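Welcome! Let's get to know this structure together, one question at a time.

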Amino acid sequence: MAGSESEEVKILGGWPAWPSPFVMRARVALNIKSVNYEFLEQPYGTKSELLLKSNPVYKKVPVLIHGDKSICESMNIVQYIDDVWSSSGHSIMPSDPYDASIARFWATYIDDKFFPSLMGIAKSKDAEEYTAAIEQMIAAFGLLEQAYQEISKGKDFFGGEKIGYIDIAFGCYIGSIKVTEKMNGIKLFDETKAPGLTKWADKFCADETVKPVDFITRRFNAGNRKPKLSWSFLRRLLDLNLPFKLKKL
């Protein structure tokens, strides 16, 4: 494994102006492990020859290129990074098998249930579907608040005192959630309804392993200044294609 640690590392990801939460996951994990890597930009809406060669099945970013090996799918990459650089930084996955299974369960829930509800807003064909998608997202957020209260045991993160597997899975959606809040006039990070996640989100975004790669929330967290977000930026970030008009910023 020591030889693997010394091999060249590259991340094939999106163009920084249109950041991907999935690419961000891999970059946060590498930062936790203090791994030097080269970031290879993948322009928005394009599929380079390197991408098609590195990920011929899904043809999507991120791809971790480690020496002559290509590792695909964001949380699979996070697990790989944790395993290969186990002697660097802190452990991302819990060491206890049961706790690790819980972490994988909620990471899967976030991608299979929460994220589709978030994207369901953008894909709604009419106002009825739009309302249903928002209600589904709010319900999913409530479950994640309960999970945070139980798993964190009063500490800052799902992973305890430091960012862990669930934190990376969910935390890299914070920017997209804030965009959705802004665009739709809803509040998910609410100190009265979700006090745990609201404080957690601030701490996650302020972490030194996150700040260098968190381009979205950086636009929101600029002191008390009004966020400088263009409507075109928000639409492209979530690939909006709604048949009815939303209120502009």
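## A guided tour in questions

Before we start, this is a predicted model, in which local features need pLDDT of at least 70, side-chain atom pairs count only at pLDDT 80 or more, and totals for chains, interfaces and linings use all residues. Residues are numbered from 1 along each chain as its sequence is written, and side-chain values use heavy atoms, with hydrogens and water left out.

Q: Is lysine 33 buried or exposed?
A: Buried means under 20% relative accessible area, exposed over 50%, and partly exposed in between (1.4 Å probe, protein chains only). Lysine 33 has 1% relative accessibility, so lysine 33 counts as buried.

Q: Which side chain makes a polar contact with the side chain of lysine 33?
A: A polar contact is a pair of N or O atoms within 3.5 Å; within protein, one must be able to donate a hydrogen and the other to accept it, and residues adjacent in sequence count only if both atoms are side-chain atoms. Contact in general means heavy atoms within 4.5 Å, and lysine 33 touches residues including Ile81, Trp85 and His90. The polar partner, at 3.0 Å, is the side chain of aspartate 82.

Q: Why does H2 count as roughly parallel to H4?
A: Axes are lines fitted to C-alpha atoms, for helices over the stretch in contact, and angles run from 0 to 180 degrees between N-to-C directions. Helix H2 (residues 21–32) and helix H4 (residues 74–84) have axes that come within 8 Å and cross at roughly 5 degrees. Angles under 35 degrees count as roughly parallel, over 145 as roughly antiparallel, 65 to 115 as roughly perpendicular and the rest as oblique, so H2 is roughly parallel to H4.

Q: Which residues of H4 make the contact with H2?
A: On the H2 side, the contact is made by Phe22, Arg25, Ala26, Ala29 and Leu30. The H4 side is made by Ser74, Met75, Ile77, Val78 and Ile81.

Q: What kind of aromatic pair do tryptophan 106 and tyrosine 109 form?
A: Rings of Phe, Tyr and Trp (its six-membered ring) pair if their centres lie within 6.5 Å; planes under 30 degrees apart count as stacked, over 60 as edge-to-face and the rest as tilted. A search of the whole structure finds 13 aromatic pairs. Tryptophan 106 and tyrosine 109 are 5.2 Å apart centre to centre with 75 degrees between the planes, and the pair is edge-to-face.

Q: In which helix do tryptophan 106 and tyrosine 109 both lie?
A: Tryptophan 106 counts as buried at 15% relative accessibility, and tyrosine 109 is buried with a relative accessible area of 15%. They are three residues apart, about one turn of the helix, and that helix is H5 (residues 97–123).

Q: What is the angle between the planes of tryptophan 200 and phenylalanine 204?
A: Both residues lie in helix H9 (residues 195–206), four residues apart, and both tryptophan 200 and phenylalanine 204 are buried. Their pair is tilted, at 5.8 Å centre to centre, with an angle between the planes of 35 degrees.

Key. Helices (H or I, at least four residues) and strands (E, at least two) are DSSP runs, numbered from the N terminus. Lists of a residue's contacts leave out its neighbours within four places in sequence.
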